[in-house]
Amino acid sequence: MIWLLPAAACSILIAAILKVNEGRGGDRLLLTGANYIVASGLGLLLLGGRPGVPSTAALGLGAVTGIDYVLTILVLMTGISRGPLAVPVTVMRLSVAVPVVASIFLWSENPSAAQWGGIALGIAAITLFGLGISSRSGGAGAKRGFWPLMLAIFVLTGLASVLLKTFSDISSGPESLQFTWILFTFAGIFTWIIIRTMKIAFNRGTFLLGMLLGVPNLFSTVFTLRALEGVPASIVFPFINVTVIFGATVLGFFVWKESLGGRAIAGLLLAAAALVLLPL
């Protein structure tokens, strides 16, 4: 259970860096590409500079997960351009339902009554936050193709969590660093091919911020995999998601002086209750 706390802390830091980039108007794809360079480099460093010969599971699942990460970013960027930002962000959080359902039906996990309550409160909290942000955004209309993109975001984000759980379930602990390095290396190569193809302009500030993002991004995955070794996935992913919305909201209130409406306050209270119930 102890690995859940640093995994959640890294995820909150990721959310904060993404918030800073949005405020600066930095290109999301360039930020992502710089992030993968650092994440891949750090992963190789943790392997002592010798990745060795990966197993079929580490290579295959790492490559697929890395590509899934990049596809999620691309679909997210397209979705944001066609509708209000709050909707795809909320959909990404609600996709936690995918690994929860998969864990119960594929891995026969059986959360306790208290944990079921925590999962339900967590999903309710995420929904309330999304509604609160949407109401403050002025209710901008959605363009053609927006909702199919939201479905794609839901599936791709949920699939990434299922792939992490799958690797954790079929591999040994020492392989997790290999898997993480392969994941971010494939994601980086794929992202930079897209950046060069789209001829995205280089911005030093965005690139440096992306490099900073790579540190918590790598360790978030490392700590999540460690958590999955001893904690059911039906608890790991809801706990991390709810912690992120709780922590990001508190940071937004104190650091960026963001106001909290009635729905956001209700969501915050539900998130706090969920964080108490999930570890039980």
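Is asparagine 241 buried or exposed? At 11% relative accessibility, asparagine 241 counts as buried, where buried means under 20% relative accessible area, exposed over 50%, and partly exposed in between (1.4 Å probe, protein chains only). This residue belongs to helix 10; helices (H or I, at least four residues) and strands (E, at least two) are DSSP runs, numbered from the N terminus. Leaving aside neighbours within four places in sequence, asparagine 241 is in contact with Arg93, Val96 and Ile126, contact being heavy atoms within 4.5 Å.

A word on the ground rules before going further. You are looking at a predicted model, in which local features need pLDDT of at least 70 and side-chain atom pairs count only at pLDDT 80 or more, while totals for chains, interfaces and linings use all residues. Residues are numbered from 1 along each chain as its sequence is written, and side-chain values use heavy atoms, with hydrogens and water left out.

Two packed helices are described by the angle between their axes and the distance between the axes. Here, axes are lines fitted to C-alpha atoms, for helices over the stretch in contact, and angles run from 0 to 180 degrees between N-to-C directions. The table sets out two such pairs.

| Helix pair | Axes come within | Crossing angle |
|---|---|---|
| Helix 1 (residues 4-24) and helix 10 (residues 233-254) | 8 Å | roughly 45 degrees |
| Helix 3 and helix 8 | 7 Å | roughly 40 degrees |

That angle makes helix 3 oblique to helix 8. On this scale, angles under 35 degrees count as roughly parallel, over 145 as roughly antiparallel, 65 to 115 as roughly perpendicular and the rest as oblique. Helix 3 passes helix 8 in a right-handed crossing; a crossing is right-handed if the near helix is turned clockwise from the far one by less than a right angle, and left-handed if anticlockwise. On the helix 3 side, the residues making the contact include Ala58, Gly62, Gly66, Tyr69 and Leu74, and on the helix 8 side they include Phe179, Leu183, Phe184, Phe190 and Ile194.

Helix 1 also meets helix 10 in a right-handed crossing. Serine 11, in helix 1, is buried, with a relative accessible area of 12%. Not counting residues up to four places away in sequence, serine 11 touches Ser220, Ile240 and Val244. Serine 11 and leucine 183 are 172 residues apart in sequence, and their C-alpha atoms are 17 Å apart in space.

## Aromatic rings and charges

How many aromatic pairs does a search of the whole structure find? The search finds nine. One of them joins tyrosine 69 and phenylalanine 184 in an edge-to-face arrangement, 6.3 Å centre to centre with 70 degrees between the planes. Tyrosine 69 lies in helix 3 (residues 56-82) and phenylalanine 184 in helix 8 (residues 176-198), so the pair ties together parts that are 115 residues apart in sequence. To be counted, rings of Phe, Tyr and Trp (its six-membered ring) need centres within 6.5 Å; planes under 30 degrees apart are stacked, over 60 edge-to-face, and the rest tilted. Tyrosine 69 counts as buried at 16% relative accessibility, and phenylalanine 184 is buried too, at 0%. Elsewhere, Trp3, Phe219 and Phe223 form one aromatic cluster.

The charged end of lysine 19 sits over the ring of tryptophan 256, 6.0 Å from its centre, and lysine 165 lies over the face of tryptophan 107, at 5.5 Å from the ring centre. A charge sits over a ring if NZ of Lys or CZ of Arg is within 6 Å of the ring centre and within 35 degrees of the ring normal.

## Some exposed residues

Where is serine 108 placed? Serine 108 is in the loop between helix 5 (97-106) and helix 6 (113-136). Its phi is near 55 degrees, a positive value in a residue other than glycine, and serine 108 is exposed, with a relative accessible area of 60%. Lysine 199 has a positive phi of about 55 degrees although it is not a glycine. This lysine 199 is found in the loop between helix 8 and helix 9 (204-228) and is exposed, with a relative accessible area of 72%.

Proline 148, by contrast, is found in helix 7 (residues 146-170), and counts as exposed at 56% relative accessibility.
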